[in-house]
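Dear colleague,

Please read them with the coordinates open beside you.

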Amino acid sequence: MVSIGGYSLRGTAMSNPEQQIARLQMQLKTLQKSVQKLIKLMAETSDPKVLETLNVQMQQLRMMIETIQAQIQQIQFNEQAKEAARERNQRLHEEAMDKK
């Protein structure tokens, strides 16, 4: 588990791809809500130190969002690759059976 700025990213290796994507999308929604709260806080304050801290938190949230989006893309890519391999193996098997 990775923790950044009080938020944590849990590993999702033990569940199926649909569950992984659903969990990651839930995390994305939570992070996006946090971004909205930070934007509101930034608009309400004029203290440079507070703004600097909020900006750092915003950068951390953006990195976490990018990481989750990359994880979703990787899962989708892996699933497409598995499906392509299944189709290829099926075709090779059918071709081998036809030759017999």
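Helices here are DSSP runs of H or I with at least four residues, and strands are DSSP runs of E with at least two, both numbered from the N terminus. Please keep in mind that this is a predicted model, in which local features need pLDDT of at least 70 and side-chain atom pairs count only at pLDDT 80 or more, whereas totals for chains, interfaces and linings use all residues. Residues are numbered from 1 along each chain as its sequence is written, and side-chain values use heavy atoms, with hydrogens and water left out.

Overall layout

The protein has two helices and two strands, and read from the N terminus its elements follow the order β-β-α-α. Of its 100 residues, 21% count as buried, where buried means under 20% relative accessible area, exposed means over 50%, and partly exposed covers what lies in between (1.4 Å probe, protein chains only).

How the two helices pack

Two packed helices are described by the angle between their axes and the distance between the axes. Helix 1 and helix 2 pack at an angle of about 160°, and their axes are 10 Å apart; the axes are lines fitted to C-alpha atoms, for helices over the stretch in contact, and angles run from 0 to 180 degrees between N-to-C directions. That angle makes helix 1 roughly antiparallel to helix 2, given that angles under 35 degrees count as roughly parallel, over 145 as roughly antiparallel, 65 to 115 as roughly perpendicular and the rest as oblique. The crossing of helix 1 and helix 2 is left-handed, a term used if the near helix is turned anticlockwise from the far one by less than a right angle, with right-handed used if clockwise. Sorted by class, the contact of helix 1 with helix 2 has 19 nonpolar, ten polar and one charged residues; Ala, Val, Leu, Ile, Met, Phe, Trp, Tyr, Cys and Pro count as nonpolar, Asp, Glu, Lys and Arg as charged, and the others, Gly among them, as polar.

The nonpolar core

A nonpolar core is taken as a set of buried Ala, Val, Leu, Ile, Met, Phe, Trp, Tyr and Cys residues joined through side-chain atoms within 4.5 Å. The largest one has 14 residues, of which Leu 31, Ile 68 and Ile 72 touch the most other members. Helix 1 (17-44) and helix 2 each supply at least two residues of this core, and helix 2 gives the most to it, with eight residues. Leu 31, which is found in helix 1, counts as buried at 3% relative accessibility. The C-alpha atoms of Leu 31 and Leu 61 are separated by 6.6 Å, although the two residues are 30 residues apart along the chain.

Gln 73 is found in helix 2 and counts as exposed, at 55% relative accessibility. Gln 73 and Ile 21 are 52 residues apart in sequence and 9.2 Å apart in space, C-alpha to C-alpha. Asn 16, in the loop between strand 2 (7-9) and helix 1, counts as partly exposed at 34% relative accessibility. Between Asn 16 and Ile 75 there are 9.9 Å in space, C-alpha to C-alpha, for a separation of 59 residues in sequence.

Salt bridges

Side chains of opposite charge can pair when their charged atoms come close. A search of the whole structure finds three salt bridges, each defined as a side-chain nitrogen of Lys or Arg within 4 Å of a carboxyl oxygen of Asp or Glu.

- Glu 79 and Lys 82 meet through their side chains at 3.2 Å, N to O; both lie in helix 2 (residues 48-99), three residues apart, about one turn of the helix. Glu 79 is partly exposed at 26% relative accessible area, and Lys 82 is also partly exposed, at 45%.
- Arg 86 forms a salt bridge with Glu 83, with the closest N and O atoms 2.9 Å apart. Arg 86 and Glu 83 are three residues apart in helix 2, and so are separated by about one helical turn; Arg 86 is partly exposed at 46%, as is Glu 83 at 38%.
- Glu 95 and Arg 91 meet in a salt bridge at 3.7 Å, N to O. Because Glu 95 and Arg 91 are four residues apart in helix 2, about one helical turn separates them; Glu 95 is partly exposed at 37%, and Arg 91 at 44%.

With best regards
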